[in-house]
Amino acid sequence: MEEPLVPLVPMSHTAHIRSHRKPRRNAPSLAMRAGVAGGVLSTLVVAAAAGSASAAEPVTQTMELPTLTADLANQVAQSADATQQAAADYQLQAERDAAAAKAAKQAKADLADAKKKAEAKKKAEAARKAAAADAVSRSSARTTLSASASTSTNVVAPASGSVATVVAFLKAQVGDAYVMGGTGPNAWDCSGLVQAAFKQVGVDLPRVSQDQSVSGTPVSLSNVQVGDILYWGSAGSAYHVGVYIGNGQYLDAANPSKGVVIQDLSGYPATGAVRVL
């Protein structure tokens, strides 16, 4: 019997090297690979079909989102503009209110200032008229005194101890203070001093200058004598009194700045005189 022939298969020149040998593929691994490849291809086909179907359908939901976003942005912008405008209007109104309040305050102040100036002007005018009237009165009195001096240079006190006592008491008080309502012994007002002086000789005079100006016998300034009471203002409403002591002088409790002093009648002419001794 002949032995069967074994076919010879050419081998690679590196076949004898173990790492260079090609692994043999068995049937199960080839089948697995074929199945995996088929599954991948099926998945790709399904995905491609789904993509084609989706691309064929109109896209509606994705187009609405930009529209809604734009509307919302417009609303936000309009709201912001409205808020800003409201704030601007409020600030403008506040500024107008403040300006109106300031103008009203200034107008009130101007009115008060105008009234004050008008009142001051009125008082100044009244004072000017009073000063003019007083100047006329003094001028007339100076004229009378000048005429009296030309006819009688010296006025001699009457020979009476009572008058001398009055004058001596008055001169003893020179330098005392003037105090409204004062009746001595170291502070006087005009009528308090005159009352105390005549009380030294037993003559009780009224307390105030208004009443003293009408006590006794009225005499003209041209005939005034030592011991006569001089007054300033109208008889019965005189505002000041003093006593004539001769040589064109009188003694009085003048005012808080001067106190009790001797003054020249020509510097402040009296309105009238009365004689009680």
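Colleague: Is Trp232 buried or exposed in this model?
Modeller: Happy to look, bearing in mind that this is a predicted model. The relative accessibility of Trp232 is 1%. Buried means under 20%, so Trp232 counts as buried.

Colleague: How are the rings of Trp232 and Tyr268 arranged: stacked, tilted or edge-to-face?
Modeller: Their centres lie 5.5 Å apart, and the angle between their planes is 10°. Planes under 30 degrees apart meet the cut-off for this class, so the pair is stacked.

Colleague: And how many residues apart are Trp232 and Tyr268?
Modeller: Trp232 sits in strand β4, while Tyr268 is in the loop between β7 (259–264) and β8 (272–275).

Colleague: What kind of pair do Trp232 and Tyr250 make?
Modeller: Here the ring centres are 5.1 Å apart and the planes meet at 50°. That angle falls between the cut-offs of 30 and 60 degrees, so the pair is tilted.

Colleague: Which strand holds Tyr250, the partner of Trp232?
Modeller: Trp232 belongs to strand β4 (residues 229–232). The pair ties together parts 18 residues apart in sequence, because Tyr250 lies in strand β6 (residues 249–255).

Key:
Residues are numbered from 1 along each chain as its sequence is written. This is a predicted model: local features need pLDDT of at least 70, side-chain atom pairs count only at pLDDT 80 or more; totals for chains, interfaces and linings use all residues. Side-chain values use heavy atoms; hydrogens and water are left out. Rings of Phe, Tyr and Trp (its six-membered ring) pair if their centres lie within 6.5 Å; planes under 30 degrees apart count as stacked, over 60 as edge-to-face and the rest as tilted. Helices (H or I, at least four residues) and strands (E, at least two) are DSSP runs, numbered from the N terminus. Buried means under 20% relative accessible area, exposed over 50%, partly exposed in between (1.4 Å probe, protein chains only).
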